[in-house]
Amino acid sequence: MTTHNPLLKVLDSPGKTGNEQPPIGTQFFNYPNLDHYETSLLKGLELVQSAIGAASQPFSGVLPHELAKKFQSINLDHSCQSLEDALQEIEKLYLKDAVYFHHPHYAAHLNCPIVIPAILADLISTSLNTAVETWDQSAGATFMEQKLIDWTTEKIGLGTQADGVFTSGGSQSNLMALLLARDHCCATKKGHNNKLHGLPQDFSRLRVFTSEMSHFSVQKAAAILGLGYDAVVKVPTDRYFRMDAQALEAEIERSVAEGLLPMAVVATAGTTDFGSIDPMPKISALCREHGIWMHVDAAYGCGLLLSPKHRHWLEGIEQADSVTVDYHKSFFQPVSCSAFLVKNKQHLSVVTYHADYLNPLNHQQEGTPNLVNKSIQTTRRFDALKLWLTFRTLGTEAIGRAFDQVIHLARQTYLLFLSEPLVQVIHRPQISTLVFSYFPSRHLSARELDSANIYIRKALSRSGQALVAGTKVGDRQYLKVTLLNPATTIRDIQKILELIKVHGRAFFEQNEQSAKIA
Ligand SMILES: *Cc1c(COP(=O)(O)O)cnc(C)c1O
C-alpha cells in the first residue's frame, strides 16, 4: 500500500540523534502510512486477544497500593524502546489488572458488554478523527447523528418538534435538562433571561423535585447551575422504590405555598440501584397542572424502548419535556455513547452561541446544520457511528431482545436468591438489578450483618473471581448485582452466590476466632 514519499525522508533525515524511535513522520495517520497503521493495529489486536484469553476471571484483585508500585519507575520523558515494549508495558500496567465487563462474573455496576460492530465503528471514527460540532468538519457524520437522534425521539414518542444531541453521558444530559428547565422557568415565571443576564436575584427560590432513589448527578447539576443541593427536594418512594406521586404533589404544593418556584421534576426510568421506574403518567399530569418542566432520566431504562416484551413499562415517557438516554448502558455500546432529547427543540437555544469563526448566524440562516448549536461541548467525538453500525448490522430489534434476556436473567436470579436461606432480597427486580444481603441468622445485630456484607464485597473483589456492588438503603448495608450481560447464565449467578456464601461464612468464622482470642 505504502507509496514512496520523498517528503518524509527530507523531514526525517535532519536531527537524527541515534535515538531508536521511529521518525515522527511515519507515525501519523495518512495515506503513505497505511501499512504501518495496519501492522500497529494488528499488534494491538493481538495484545487484546491474549489478555482476554488469559483472563479467567473478571478482575485480578489488585489493590491500589500494589498497582501504584508499578508506576513509580515510569518516567514519561523516557520512552519505551519500541511499540512492542510499550504494548507490553500497557499489558503490565493496565490490561492485566483491568476490570473485564464482558466476563459473566462481572455483576457490579451499569457497565455493559459491548457489541463488536460498535468497536469497529469507534476505530473508523477515531482514525478519521471526525469532530461533529459543525457541518464543515463532519458532513455525513452530522446527518448520521441527527438521524439517530430523530430515531430516538420517535421511539420515545416526543413528537414532531423534538430534537436532541449526543452527550458524554447521563450526567451531562441531566445537567442540560436542568439548565434548560431553569432558564425556561425563569423566562416564563419571571420574564428573566438567564442566558443574557445571569440568574435573577431571587434564584434561591428555584426548586427541583426528584425521588430519594434518583441519580446523584441531579444534585451535582443543581450545584453546577448555581442553585445548590438545597434546591433539590427529595421525594419519598413507595415500597417498590418508585417516586410516590402523592408525596410529590404534597411537596409541590408546599413549595408553592412557601413562595418557592418549582422549576423541574426529574423522574427516573430505571433507578441505578433498584431499576425502579417512577410513575410517569401521574408525574406528567402534575407537571402539566403546575407548569413544571418534566425530565425523565432513562439513562438505564432506555433499553426498554426496544424491548419486545416490556416497552409499556415506559408509558408516559412521551409526555416528558426532556429525556436522558445512555446507549452506553443498555444498548451495549462503548463509553461514551449517550444522548439528551427535548420535546421542543427551541429550548436548546439556551446553549447556542454564534462564533464568527465556527458557526456564524448566517450558517443557520442558510440552513447549514451545526450540531454545536445544541451542545455544551464544542469539539465532540463522533459517538453516533458506533450506534449506527450496530443498528445497520444487527438490527434495532436485536438490542431489545438482548435487553429482555438480561431482564429475564434478573427474574431467575430473584427466584434463586429467594430459595436461598442465607440471603435476604429486599425487592423484586424491575429491570436487571437485585439488591440483597447475606443474612445467615436473624439473631445477628445490624452492625454484624452490615460488616459481613461490606466484607463480602471486598473479599470477592480481592479474589477477583466475581464482582458485585454494595449499596446502602436507609442506613443499612446491602449487596447488589447489576445484570447487563446476555452471555451470563443462571449457572454463573449460582457460582457468584456460592462465592458470596463462602466469604460470608469466612467472615463469621474469623469473628468467632478473634472473639475467642479476646
Ligand atoms: C449512570 C446513570 C447516570 C449517569 O450517567 P453517566 O453516563 O455515568 O454520566 C444518570 N442517571 C442514572 C439513573 C444512571 O444510572
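## The five-stranded sheet

Five strands form an open sheet with mixed pairing, in the order E1-E11-E12-E10-E9. Strands here are DSSP runs of E with at least two residues, helices are runs of H or I with at least four, and both are numbered from the N terminus. Two strands pair if DSSP finds at least two bridges between them. The edges are strand E1 (106-107) and strand E9 (423-425), and each pairs on one side only.

This is a predicted model, in which local features need pLDDT of at least 70, side-chain atom pairs count only at pLDDT 80 or more, and totals for chains, interfaces and linings use all residues. Residues are numbered from 1 along each chain as its sequence is written, and side-chain values use heavy atoms, without hydrogens and water.

## Helices on that sheet

Look at strand E11 (residues 467-473) and strand E12 (residues 476-482). They pair in the antiparallel sense over five bridges. Gly 470 stands opposite Leu 479 in E12.

Helix H17 (residues 446-463) packs on this sheet and touches strand E10 (433-438), E11 and E12. Contact means heavy atoms within 4.5 Å. The direction of H17 makes about 35° with that of E12. Such angles run from 0 to 180 degrees between N-to-C directions, with axes fitted to C-alpha atoms, for helices over the stretch in contact. Helix H18 (residues 490-517) also packs here, touching E1, E9, E10, E11 and E12. Its direction makes about 30° with that of E10.

## The seven-stranded sheet

A second open sheet has seven strands in the order E2-E8-E7-E6-E5-E3-E4, and its pairing is mixed. Strand E2 (163-167) and strand E4 (232-235) are its edges. Neighbouring strands are turned by 20° against each other on average, direction ignored. Strand E6 (residues 293-298) and strand E7 (residues 322-326) run parallel, joined by four bridges. Val 296 stands opposite Val 323 in E7.

Helix H7 (residues 140-156) packs on this sheet, touching E2, E7 and strand E8 (338-342). Its direction makes about 115° with that of E2. Helix H10 (residues 217-224) touches strand E3 (206-211), E4 and strand E5 (261-268). The direction of H10 makes about 160° with that of E4.

## Around the ligand

The shell around the ligand holds 15 residues, and Gly 170, Ser 171, Asp 297, Asp 326 and Lys 329 come nearest. A residue counts as near if one of its heavy atoms lies within 4 Å. By class, the shell has two nonpolar, 10 polar and three charged residues. Ala, Val, Leu, Ile, Met, Phe, Trp, Tyr, Cys and Pro count as nonpolar, Asp, Glu, Lys and Arg as charged, and the others, Gly among them, as polar. H8 gives the largest share, three residues.

Polar contacts are pairs of N or O atoms within 3.5 Å. A polar side-chain atom of Thr 272 lies 3.0 Å from a ligand oxygen atom. For His 328, a side-chain N or O atom is 2.9 Å from an oxygen atom of the ligand. For Lys 329, a polar side-chain atom is 3.0 Å from a ligand oxygen atom. Taken alone, the ligand exposes 390 Å², and the protein buries 85% of that. These areas come from the Shrake-Rupley method with a 1.4 Å probe.

## Two backbone details

Most residues other than glycine have a negative phi, and most peptide bonds are trans. The peptide bond from Val 335 to Ser 336 is cis, with omega near -5°. Ser 336 lies in the loop between H13 and E8. Ala 139 has a positive phi, near 45°. Its place is in the loop between helix H6 (135-138) and H7.

Terms used. Polar contact = N/O pair within 3.5 Å; in protein donor to acceptor, adjacent residues only side chain to side chain.
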